[in-house]
Amino acid sequence: MESISATPSNGRTVVEVRGQVIAPGFIDLHFHGQDAENYAFKAHDGVTTALELEIGVSPLASWYAERTGKALIHFGASSGHVLAPMKVMHDPGDFLPSGDAAHRVATDEEQLSILNVVRQGLDEGAVGSGFGIAYVPTAGRAEILRLFQLAGDRHVPVFVHYAGIGGLGWSDYTASRGHRRRRGRTPGLQGDVIGYWLARIADRRRPNPLPEN
Ligand SMILES: [Zn+2]
């Protein structure tokens, strides 16, 4: 789009858009194929910004450097929690964990390293923290809360693929609140669950320092 004017302007192509919405470009918040081929397809769909927010990217600095000045569209990524335990626990998985990060509870020392990996990603320009809690079902409540605290301290948003039944969230959450889990109820972004996590974010307004490396 070159310009917007109340008076007629001359262009080579005239498009009738009465009754339509015109946007300078769409932002895709849930996009995993961060390469030149996929960016070209995105551009054809009118997407001008593709963000990897759920799984995120780690390490971030080299990822940004590889794309800067070369990508067809805008790009960005979160510092992903799923990737941090994969790195720290030497998980052989590619995009998602398949080994220890998916099946073993991280030791206290590993959890501190996970926190530091996510923190480093934020230092390197992540647009927020990404959580694929369903993909790291052994990640405990304390580990997730610490990462929420980190995001709160940095005033960055969190992008959350919430846990399913059997993972962190729903069963723990309902157990902690004394709710009985109802068969067939879909876990996910139920209103009261959103309220629970918003309350955790609000908690961060109170001082409660995180362990430093
Ligand atoms: Zn996804």
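**Exercise 1.** Find the bridge partner of G132 in β5, and then follow the chain from β4 to β5.

*Solution.* The partner of G132 in β5 is H161, where strands are DSSP runs of E with at least two residues and helices are runs of H or I with at least four, numbered from the N terminus. From β4 the chain passes through helix α6 (residues 141–154) and reaches β5 by a right-handed β-α-β crossover, meaning that, with the strands pointing away from the viewer, the path from the first strand over the helix to the second runs clockwise. The pairing of β4 with β5 (residues 158–161) is parallel and has four bridges; two strands count as paired if DSSP finds at least two bridges between them.

The model is predicted, with local features needing pLDDT of at least 70 and side-chain atom pairs counting only at pLDDT 80 or more, while totals for chains, interfaces and linings use all residues. Residues are numbered from 1 along each chain as its sequence is written.

**Exercise 2.** Determine which residues of β4 stand opposite S79 and G80.

*Solution.* Strand β3 (residues 74–80) runs parallel to β4 and is joined to it by two bridges. S79 faces S129, and G80 faces G130.

**Exercise 3.** Give the strand order of the open sheet and identify its edges.

*Solution.* The five strands follow the order β1-β2-β3-β4-β5, with parallel pairing. β1 (26–28) and β5 each have a single partner strand, so one side of each lacks a neighbour in the sheet, and these two strands stand at the edges.
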